[in-house]
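Biologist: I have a model open on my screen. Can you walk me through the layout?
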Amino acid sequence: MSFGTGVIHARSNKQKLNTKSSTEAEVVGVSDYLPFNIWVRIFMEEQGYQLRQNIIYQDNESAIKLEKNGLMSCGQKSR
């Protein structure tokens with residue numbers, strides 16, 4: 001997460017559950033991080049900083065396709 005030109009938060013940790021595929025693992029990872037991202041946005045707005053965008057980047061191609069197309073683009077392991 002960045003604010004202006006500097007990073008204010010980056011996160012990497014071990015997941016607490018097993019998944020069938022890397023796609024599912026990426027989706028679980030994003031869903032674990034999302035509440036913190038929302039909290040930071042609300043906190044920054046309460047401090048007087050208006051954020052124009054709140055973007056979460058995803059680098060797994062299958063997870064991106066799943067988000068855009070739904071289950072139609074998934075393989076057998078991700079369903």
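Modeller: Helices are DSSP runs of H or I with at least four residues, strands are runs of E with at least two, and both are numbered from the N terminus. On that basis the protein has two helices and two strands. The order along the sequence is β-β-α-α. This is a predicted model: local features need pLDDT of at least 70, side-chain atom pairs count only at pLDDT 80 or more, and totals for chains, interfaces and linings use all residues. Residues are numbered from 1 along each chain as its sequence is written, and side-chain values use heavy atoms, with hydrogens and water left out.

Biologist: What share of the 79 residues is buried?

Modeller: Buried residues make up 16%. Buried means under 20% relative accessible area, exposed means over 50%, and partly exposed is in between (1.4 Å probe, protein chains only).

Biologist: Now α1. Why does its end-to-end distance agree with its 25 residues?

Modeller: Helix α1 covers residues 22-46, and at 1.5 Å a residue it should span 36 Å. Its end C-alpha atoms are 36 Å apart, so the two agree. The expected span is 1.5 Å times one less than the number of residues.

Biologist: Where does α1 bend?

Modeller: At Tyr33, by about 35 degrees. A proline, Pro35, follows within four residues. The bend is the angle between axes fitted to the seven residues ending at a residue and the seven starting there.

Biologist: Is Tyr33 buried or exposed?

Modeller: Tyr33 is buried, because its relative accessible area is 15%. The other buried residues of α1 include Val28, Asn37, Val40 and Met44.

Biologist: How many aromatic pairs turn up?

Modeller: Three in the whole structure. Tyr33 and Phe36 have ring centres 6.0 Å apart and planes at 45 degrees, so that pair is tilted. The rule takes rings of Phe, Tyr and Trp (its six-membered ring) with centres within 6.5 Å; planes under 30 degrees apart are stacked, over 60 edge-to-face, and the rest tilted. Tyr33 and Phe36 sit three residues apart in α1, about one turn of the helix. Phe36 is partly exposed, because its relative accessibility is 28%.

Biologist: Which residues form the aromatic cluster?

Modeller: Tyr33, Phe36, Trp39 and Phe43.

Biologist: Last one. Where is Tyr57?

Modeller: In the loop between α1 and α2 (61-69). Tyr57 counts as exposed because its relative accessibility is 72%. Its C-alpha atom is separated by 9.1 Å from that of Val30, 27 residues apart along the chain.
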